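The sequence and structure come next.

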Amino acid sequence: MIKYKKITSNADIWDFKNNEILEGKYIGLKEGVGKNNSILYYVEKDGVEFAFWGSTLLDDVMKKVIVNSMIRIKYLGLAKSKSGSEYNNFEVSVGEIEEE
């Protein structure tokens with residue numbers, strides 16, 4: 001039997017500058033959001049849905065993450081690109097089952 005879980009768009013936006021780590025189950029994304037046609041990614045943490053905005057870095061990395069994976073996103077602060085412009089840097093990790 002398949003269990004369905006409703007995904008809502010009422011998720012709180014995660015503030016990485018005040019809470020640098022978001023860890024939970026990646027449950028999906030919504031494209032074309034807002035005036036910049038950005039991507040919102042949804043994560044379930046402790047039974048509560050949170051969303052975070054995509055960026056060039058996050059969009060590239062999140063393409064490799066499978067829905068329903070456990071993920072951990074850590075905000076690393078501002079970094080400088082090779083061209084000298086600043087960007088928000090993140091580390092994205094995917095949970096793996098450890099074998100004993």
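The sections below go from the sheet to its hairpins, then to single residues.

The model is predicted. Its six strands form an open sheet with mixed pairing, in the order β1-β4-β3-β2-β5-β6. The edges are β1 (12-13) and β6 (86-94), each of which pairs on one side only.

Strand β3 covers residues 38-45, and six of its eight residues are buried. Strand β2 (residues 21-33) pairs with β3 in the antiparallel sense over six bridges, and K25 faces E44 of β3 across this pairing. The two strands form a hairpin with four residues between them. In that turn, G34 has a positive phi of about 75°.

The pairing of β3 with strand β4 (residues 48-53) is also antiparallel and also runs over six bridges. Here K45 stands opposite V48 in β4. This hairpin has two residues between its strands, and D46 in the turn has a positive phi of about 55°.

L40 is found in strand β3. Is L40 buried or exposed? L40 counts as buried because its relative accessibility is 8%, and the cut-off for buried is under 20%.

Leaving aside neighbours within four places in sequence, L40 is in contact with I13, G28, L29, K30, V33, A51, F52 and W53. I27 is 13 residues from L40 in sequence, and the C-alpha atoms of the two are 11 Å apart in space.

## Salt bridge

Side chains of opposite charge can pair when their charged atoms come close. In this model the count comes to one salt bridge. The side chains of E23 and R72 form it, with an N to O distance of 3.9 Å; the cut-off is within 4 Å.

How accessible are the two partners, E23 and R72? E23 has a relative accessible area of 45% and is partly exposed. R72, at 30% relative accessibility, also counts as partly exposed.

Methods: Residues numbered from 1 in each chain as written. Predicted model: local features only at pLDDT ≥ 70, side-chain atom pairs only at ≥ 80, totals over all residues. Heavy atoms only, no water. Buried < 20%, exposed > 50% of the residue type's maximum accessible area, 1.4 Å probe, protein only. Pairing = 2+ DSSP bridges. Contact = heavy atoms within 4.5 Å.
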